[in-house]
Amino acid sequence: MQPTLRIASKTDANRIADMVNRAYRPSSLERGWTHEADLVAGERTTSEQVLSLFSPRSLVLVLCQGAAIVACVHLQNDDSEVYIGMLATEPSFQTQGLGKTMLSHAEQYAVTHFNATDFRMSVLSSRTELIAYYERRGYARTGEVKAYPISAGVGLPLVEGLQVEALVKRSTDSQFFLSARDM
């Protein structure tokens with residue numbers, strides 16, 4: 001069965017939160033390559049936080065295998081720049097290219113529906129392998145680094161001095177934007 005992409009609804013909030021928490025903060029038995037459980041404790045998100053993402057300028061795309069949500073990504077429209085966050089894949093589906101697929105869908109959706117010219121995301125600065133993954137997809141480090149956002153309710157750092165780094169992908173690749181707009 002081929003996975004299907006759709007815009008999430010509020011009724012998906014619990015399933016999205018559960019899947020995101022398994023992807024970011026799994027038990028030691030479920031860990032995929034993208035987890036941060038050694039760096040941050042607690043839940044990555046709650047169903048209430050996911051519900052807060054549903055607004056006219058914000059949405060969550062989900063990739064479903066049958067009724068199961070196997071990947072998601074959040075898009076927040078800020079004029080020509082779109083923030084991409086909460087990119088997650090069910091741990092048992094990781095290493096199958098779904099993260100790359102979801103990132104591509106997110107960028108294409110942002111260009112087509114939000115007229116985005118730039119994309120921005122935040123990554124734990126100590127996750128060098130994840131930063132390298134995004135760099136291979138055209139994202140660049142901006143030099144913007146902030147302390148881990150404890151007040152955001154996204155977990156508690158397990159290491160001292162944990163920071164979040166901003167990555168940006170600019171519209172310099174006109175080939176990408178032309179092909180994405182044609183979709």
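Analyst: Val 40 sits in strand β2, which spans residues 40-41. Strands here are DSSP runs of E with at least two residues, helices are runs of H or I with at least four, and both are numbered from the N terminus. Val 40 is buried, with a relative accessible area of 1%. Buried means under 20%, exposed means over 50%, and partly exposed lies in between, using a 1.4 Å probe and protein chains only.

What does Val 40 touch, leaving out residues up to four places away in sequence? Its contacts are Arg 25, Leu 124, Tyr 148, Val 154, Gly 155, Leu 156, Pro 157, Leu 158 and Leu 162. A contact means heavy atoms within 4.5 Å.

A note on the model. It is predicted, so local features need pLDDT of at least 70 and side-chain atom pairs count only at pLDDT 80 or more, while totals for chains, interfaces and linings use all residues. Residues are numbered from 1 along each chain as its sequence is written, and side-chain values use heavy atoms, with hydrogens and water left out.

Now the whole protein. It has 5 helices and 9 strands. Of its 183 residues, 49% count as buried. Take the contacts between residues at least 6 apart in sequence: 66% of them join residues at least 24 apart.

Next, the sheet. An open sheet holds 7 strands, in the order β1-β3-β4-β5-β6-β9-β7, with mixed pairing. Two strands pair if DSSP finds at least two bridges between them. β1 (4-7) and β7 (140-147) are the edge strands; each has a single partner, so one side of each lacks a neighbour in the sheet. Neighbouring strands are turned by 25° against each other on average, direction ignored. Axes are lines fitted to C-alpha atoms, for helices over the stretch in contact, and angles run from 0 to 180 degrees between N-to-C directions.

Helix α1 (residues 13-24) touches β1, β3 (58-65), β4 (68-78) and β5 (81-89), and its direction makes about 75° with that of β5. Helix α4 (residues 128-135) touches β5, β6 (118-124), β7 and β9, and makes about 165° with β6.

β5 and β6 run parallel, joined by 3 bridges. Tyr 83 has Arg 120 in β6 as its bridge partner. β6 is mostly covered, with 6 of its 7 residues buried.

Last, the largest pocket. It holds about 1,100 Å³ of space. A pocket is an open set of points on a 1 Å grid over the protein atoms alone, with protein on both sides within 12 Å along at least five of seven lines; lining residues have an atom within 4 Å of a point. Points are joined across faces, edges and corners, and the volume is the space filled by probe spheres set on them. Of the 46 lining residues, Tyr 24, Arg 44, Tyr 83, Met 86 and Ser 122 are the closest to the centre. β5 gives the most to the lining, with 7 residues.

How values were computed:
On a 1 Å grid over the protein atoms alone, a cavity is a set of points where a 1.4 Å probe fits but cannot get out, and a pocket is an open set with protein on both sides within 12 Å along at least five of seven lines; lining residues have an atom within 4 Å of a point.
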